[in-house]
Amino acid sequence: MTRNAFQKVCLLIILLFTSAMSSAQTLTYQWVEVFDDLSIQDLRALPKSHWQTITTEKNLNKGFSDGAFWVKLELSPQSFNQMLEIAYPLLDEVSIYWERGGEIIEAHHTGDSLPFNSRPINHRNFVFSVPTVNDSVIAWIRVHTSGSVQVPITVSSSIQFLADEQVGFGWQAMFFGIVAALALYNFILFIIVRQSTYLWYVLTVLITSLVQLNFKGLLFQFLWPDWPLLNQYFTVSAVGAALFFTLTFAMNFLSVRQFSIGGDRALNTFRYMALLLVVYGIVGSYQLGIVMVSGLAALVTPAAWIVGLLVWRRGQVLAGFYVLAWTPLLLGHLALAVSKLGLAPIGAFTEFVPQAGVALEAILLSFALAYRINIERQKRQQAQALALKTQREANLTLEARVMERTEELQKVNDKLKAVSLTDGLTQVANRRRFDEKLDEEWTRLIRSEQELSLIIIDIDYFKKVNDTFGHLAGDDCLVAVSNLINNEVKRTEDLLARYGGEEFAVLLPTTTSDEAMLIAERIRQAVELSPITTSQDIAPIKLTISLGVATLIPDQNARCQNLIKFADEALYSAKASGRNRVVVANYEK
């Protein structure tokens, strides 16, 4: 923020305080709290002894109460139009009855539990036009709310009201502009640096500013004017979320756990309490929720400030910025909390200092985050310089070791490759190696236009072996069958692979269909005539196999999977026709 802009902000704040304290006339009025649903006629009949007197300079602030409050305000005739404003938009029910000459001449019923258009004047606060300028009138005002009972009444001329509104709305617009700009700026930083601290800051600034704008009635006016029910659920949950994000940001920004375990535990406890209040604000009582969240805010704010001081003393440089930024926010939040609890009178200080504290805190913390980037850049530069030095030293010895390690790595890689292409049980090629070999041979034989044969083998009734003798015996059978098959595959270019559970595949390049059938028959006989001796204490197991044979001349317009398809169909025929036999694929299907 430039110096000129900062001066303008200060000037606007001074104007705001000046207008808030001097624009409205100070009046004396009477108030009473009732717990019965009295009509206006019953109220007018109450004896004077029931009423208490207060001035508009002090304002009515009774904290949390289940009763309804009635205010009796007598206005003398003036030579100008007057406006009566209740500058607290979170009141559930607000009714005003205008009496002149002993008769009720006008009545209005509004509140934030009713749609926004129930207000006679479209304004974030409750504003009413005094119905006469020639006669004395009495305003009978009824207020009932489940939240904090605050009835800040001002009466001013319509001209002065409009002048004050310019300043007040200008401050709200400037406040929103400040926090929106800072949130956008730091969100861009988060995208660039990918550090969660910046995201927590953005969420803190956004939700805190929304809470402040909600307290000023702007969210109801502009976001959900036709949904007053949202007012009941938003405030407690939003304040709880603001506390949660604020504490999470503080813990990340200050690295509290590194400097103070106790401080980290305290803030973490408050953080989870705030999270519970977010949920409670949706499902629980609004009155109890606002009491609890106001009390928690009154505890959290000084606690975070004290933790900031503690970690600053222990060497956290950024904590100095944090304490400086947190001080105005501390004052603002404490003013807001004690005001909601009815422990302090309502005034310009309690109404505008919280927003000013949020704005100043957001600005100062934004500077702190920028300074943090500078610190981290310096640390990275130092780390890079150290890394370069270390790398140069390492390079002096690395080259000598490279040649020595290269051979070792090559051996390890060869072993790893062999393992990745070998079936762990039978130690023959696995399915992956089979697929690679099939693609290689298919591509190679396209050019030479020679046959490629495939035998797919399945052990008959293998499930029965597992069920009868156990899986260990079944594994022994698989190993033995793979060895018997391998003994019949003579050429180095042929490949035996374990194709599936109890299935094997033999790939025979440059082999005719008749040759492949002879090899398949030798394999079938070898298995049939060789009972399997297992490591289990059982008699040798007699096994048979079914074999499907297919032969194709590879064609660039055909797929190698066709060879598998034909061999698989032949295997299916062998099993369907009685097992323990060789079937050659029928290509005329």
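A salt bridge here is a side-chain nitrogen of Lys or Arg within 4 Å of a carboxyl oxygen of Asp or Glu. By this rule the count comes to 18 salt bridges. This is a predicted model, where local features need pLDDT of at least 70, side-chain atom pairs count only at pLDDT 80 or more, and totals for chains, interfaces and linings use all residues. Residues are numbered from 1 along each chain as its sequence is written, and side-chain values use heavy atoms, with hydrogens and water left out.

**Stop one.** Select Arg 142 and Glu 93. Their closest N and O atoms are 3.0 Å apart, a salt bridge. This pair links distant parts of the chain: Arg 142 sits in strand E9 (residues 137-144) and Glu 93 in strand E6 (residues 93-100), 49 residues apart. Strands (E, at least two residues) and helices (H or I, at least four) are DSSP runs, numbered from the N terminus.

Buried or exposed: which is Arg 142? Arg 142 counts as buried, at 15% relative accessibility. Buried means under 20% relative accessible area, exposed over 50%, partly exposed in between (1.4 Å probe, protein chains only). Glu 93 is partly exposed at 33%.

**Stop two.** Go to helix H13 (residues 462-469), which holds both Asp 467 and Lys 463, 4 residues apart, about one turn. Their salt bridge has its closest N and O atoms 2.8 Å apart. Both residues are exposed.

**Stop three.** Select Glu 521 and Arg 524. The closest N and O atoms of this salt bridge are 2.6 Å apart. Glu 521 is partly exposed at 25%, while Arg 524 is buried at 12%.
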